[in-house]
Amino acid sequence: HLEFASPAAKRRSSGASGEARSTALIDVNRADEAALQELSGVGPALAKRIVKARQDRPFRSIDDLLRVRGIGPATLSRLRPRATVRP
């Protein structure tokens with residue numbers, strides 16, 4: 001008998017360190033591309049666009065992420081729990 005766990009199930013079973021990582025806020029004005037990819041729905045291409053957009057004009061609020069191509073209202077709502085913009 002073989003059991004295959006999904007990547008999400010593996011993350012859930014990873015214990016305290018995985019939970020701490022999953023709840024930590026990520027500052028979209030300071031995070032590198034790898035850290036941005038920890039946000040739900042952000043892959044390598046979107047992380048690059050976020051970094052490029054903040055170089056052009058830093059984000060003043062989470063809502064400013066809407067100016068990044070590929071981030072719409074649905075994606076923004078997934079990002080809100082873990083993304084932050086600090087002064």
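Which side chain does a polar contact of 2.5 Å join to that of Arg30? In this predicted model, the partner is Asp27. The setting of the pair is described below, starting from the overall fold.

The protein contains 5 helices and 2 strands. Their order along the sequence is α-α-β-α-α-α-β. The chain has 87 residues, and 30% of them count as buried. Its accessible surface comes to about 5900 Å². Carbon and sulfur atoms contribute 54% of that surface. Among contacts with a separation of 6 or more, 44% link residues 24 or more positions apart.

Arg30 lies in a loop. The loop runs between β1 (26-27) and α3 (33-36). The relative accessibility of Arg30 is 54%. Arg30 therefore counts as exposed, since the cut-off for that class is over 50%.

Arg30 and Val85 are separated by 55 residues in sequence. In space, their C-alpha atoms are 8.6 Å apart.

Taken together, Arg30 is an exposed residue in the loop between β1 and α3.

How values were computed
Residues are numbered from 1 along each chain as its sequence is written. This is a predicted model: local features need pLDDT of at least 70, side-chain atom pairs count only at pLDDT 80 or more; totals for chains, interfaces and linings use all residues. Side-chain values use heavy atoms; hydrogens and water are left out. Helices (H or I, at least four residues) and strands (E, at least two) are DSSP runs, numbered from the N terminus. Buried means under 20% relative accessible area, exposed over 50%, partly exposed in between (1.4 Å probe, protein chains only). Contact means heavy atoms within 4.5 Å. Accessible areas come from the Shrake-Rupley method with a 1.4 Å probe; for residues, only the protein chains shown count as cover. A polar contact is a pair of N or O atoms within 3.5 Å; within protein, one must be able to donate a hydrogen and the other to accept it, and residues adjacent in sequence count only if both atoms are side-chain atoms.
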